[in-house]
Amino acid sequence: MKLGAYTACLHDRTLEEALDILRDLGLTSVEVNTGGFISAPHIPVDALLASESARKAYLQLYADRGLELTGLNCNGNPLNPLPGVGPKHADDLHKTIRLAGLLGVKRVVTMSGVPGSDSDSRYPSWVVNPWDGVYMDVLDYQWDLAVPFWQEIDALAGEAGVKVAIEMHPHNLVFNPITLKRLVDRTGATNVGAELDPSHLMWQGMDVPAVIRFLGPLVFHAAAKDAKLFDGVKLRGVLDDSFTRVHASDPNKVSTGIGHWCNAWPEDAPWRFVAVGVGHDVEYWTEFLTALAEIDPDMAVNIEHEDASMSQLDGLGLAVATLKAAERGLREATDVR
């Protein structure tokens, strides 16, 4: 398989420095951010859209290091009713798909987004559990907005020769395999499927290999990202709202749109993202790779490092060691068969 990394965790390095790190770790696949929630420090989107020679020079930076650009990542909320968020994220996604086609990159990673609760809403609204009939009305409204948007994205991706892989992420209409399949069925999409990021499925309590096998050929791309439950789950459960605000002056705040950024986790969080290998062992990741290989043995699996307790290089190093051990386990199992 194509093992690599998403370079967002190396946002403070130049592209060349980030690529050298991935090469030296023995990786071959690279995914870079093009917009949405976060900036694009490793790819000049507008310049590359405008110039074929710039695109050739950009791709040569990867080829010179034996690396392949396997994905452009534009995670955001293109359906957000906030005027400083939704339209910008949607425009970023359109640009990303066009650029992927021009670069010959076959996968664009994004999120489905979520609208507000009704036509007058100012903020996005994620329905967790529609036990009350009013929430079914909200979902009907949201899906009626989402379907034509994603039909347009599917058509654009088809024209560009690109597959759009949706990360199943809470706070989105698509957050599990059932809602992913619903989006594909309701839009009739042929170029929209899943980016299999296991971390959000883990903390929601899903069987990740079962999810992969359920979706089958709808899995276009994968992330290697781990999550772990902690003692806080005993009192908080996994749907916890005990976050605290981060002050606007904090230089380390993570933007999610104009005037909005991530909050801080509680001290005794019920779950956290951890480096690959901390939450689940090599045997688990071997099963993960095995399920993906059944769909596409050449699938790109890019590490996403968001473990705040480990440095960039330590976290990436542990993830690489875990995945390479899992890959050896996959090969050995294949040889036995």
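The dialogue below sets computed values against the definitions behind them.

Modeller: This is a predicted model, in which local features need pLDDT of at least 70 and side-chain atom pairs count only at pLDDT 80 or more, while totals for chains, interfaces and linings use all residues. Residues are numbered from 1 along each chain as its sequence is written, and side-chain values use heavy atoms, with hydrogens and water left out.

Biologist: Why is Val109 called buried?

Modeller: Buried means under 20% relative accessible area, exposed over 50%, and partly exposed in between, with a 1.4 Å probe and protein chains only. Val109 has a relative accessible area of 0%, and therefore counts as buried. Val109 lies in strand E4 (residues 107–110); strands (E, at least two residues) and helices (H or I, at least four) are DSSP runs numbered from the N terminus.

Biologist: What does Val109 contact, leaving aside its neighbours within four places in sequence?

Modeller: Contact means heavy atoms within 4.5 Å. On that basis Val109 is in contact with Glu31, Leu72, Asn73, Cys74, Asn75, Ala165, Glu195 and His221.

Biologist: What makes Asn73 a buried residue?

Modeller: Its relative accessible area is 1%, so Asn73 is classed as buried. Asn73 is placed in strand E3. Apart from neighbours within four places in sequence, Asn73 contacts Tyr6, Glu31, Val32, Asn33, Thr34, Gly35 and Val109. Its C-alpha atom is separated by 13 Å from that of Ala194, 121 residues apart along the chain.

Biologist: Is Leu82 counted as buried or exposed, and why?

Modeller: Leu82 has 13% relative accessibility, and so counts as buried. Leu82 sits in the loop between E3 and helix H4 (86–103). Not counting residues up to four places away in sequence, Leu82 touches Pro87, Arg122, Tyr123, Pro124 and His260.

Biologist: Why is His171 called exposed?

Modeller: The relative accessibility of His171 is 55%, and therefore His171 counts as exposed. His171 is found in the loop between strand E5 (163–167) and helix H6 (177–187).

Biologist: What phi does His171 have?

Modeller: Although His171 is not a glycine, its phi is positive, about 75°. Most residues other than glycine have a negative phi.

Biologist: Which residues have the most contacts inside the largest nonpolar core?

Modeller: A nonpolar core is a set of buried Ala, Val, Leu, Ile, Met, Phe, Trp, Tyr and Cys residues joined through side-chain atoms within 4.5 Å. The largest has 86 residues, and Trp150, Leu196 and Phe288 have the most contacts inside it. Helix H5 (residues 133–160) gives the most to this core, with ten residues. Among the residues that Leu196 touches, beyond four places in sequence, are Met168, Val208, Ile212, Val219 and Phe288.

Biologist: What makes Phe149 and Trp150 an edge-to-face pair?

Modeller: Rings of Phe, Tyr and Trp (its six-membered ring) pair if their centres lie within 6.5 Å; planes under 30 degrees apart count as stacked, over 60 as edge-to-face and the rest as tilted. Phe149 and Trp150 are 5.5 Å apart centre to centre, with 85° between the planes; the pair is edge-to-face. Both residues are buried.

Biologist: How do you know that Trp285 and Phe288 form an edge-to-face pair?

Modeller: The values for Trp285 and Phe288 are 5.2 Å centre to centre and 80° between the planes, which is edge-to-face. Trp285 and Phe288 both lie in helix H10 (residues 282–295), three residues apart, about one turn of the helix. Ring pairs also link Trp203, Phe243, Trp265, Trp271 and Phe273 into a cluster, and the count comes to ten aromatic pairs.

Biologist: What volume does the largest cavity have, and which residues line it?

Modeller: On a 1 Å grid over the protein atoms alone, a cavity is a set of points where a 1.4 Å probe fits but cannot get out; a pocket is an open set with protein on both sides within 12 Å along at least five of seven lines, and lining residues have an atom within 4 Å of a point. Grid points are joined across faces, edges and corners, and a volume is the space filled by probe spheres set on the points. The largest cavity has a volume of about 30 Å³. Val274, Ala275, Val276, Ile303, Glu304, His305, Gly315 and Ala319 line it.

Biologist: Which residues lie closest to the centre of the second largest pocket?

Modeller: The closest of its 16 lining residues are Lys2, Glu68, Thr70, Lys106 and Arg107. The space in this pocket is about 230 Å³.
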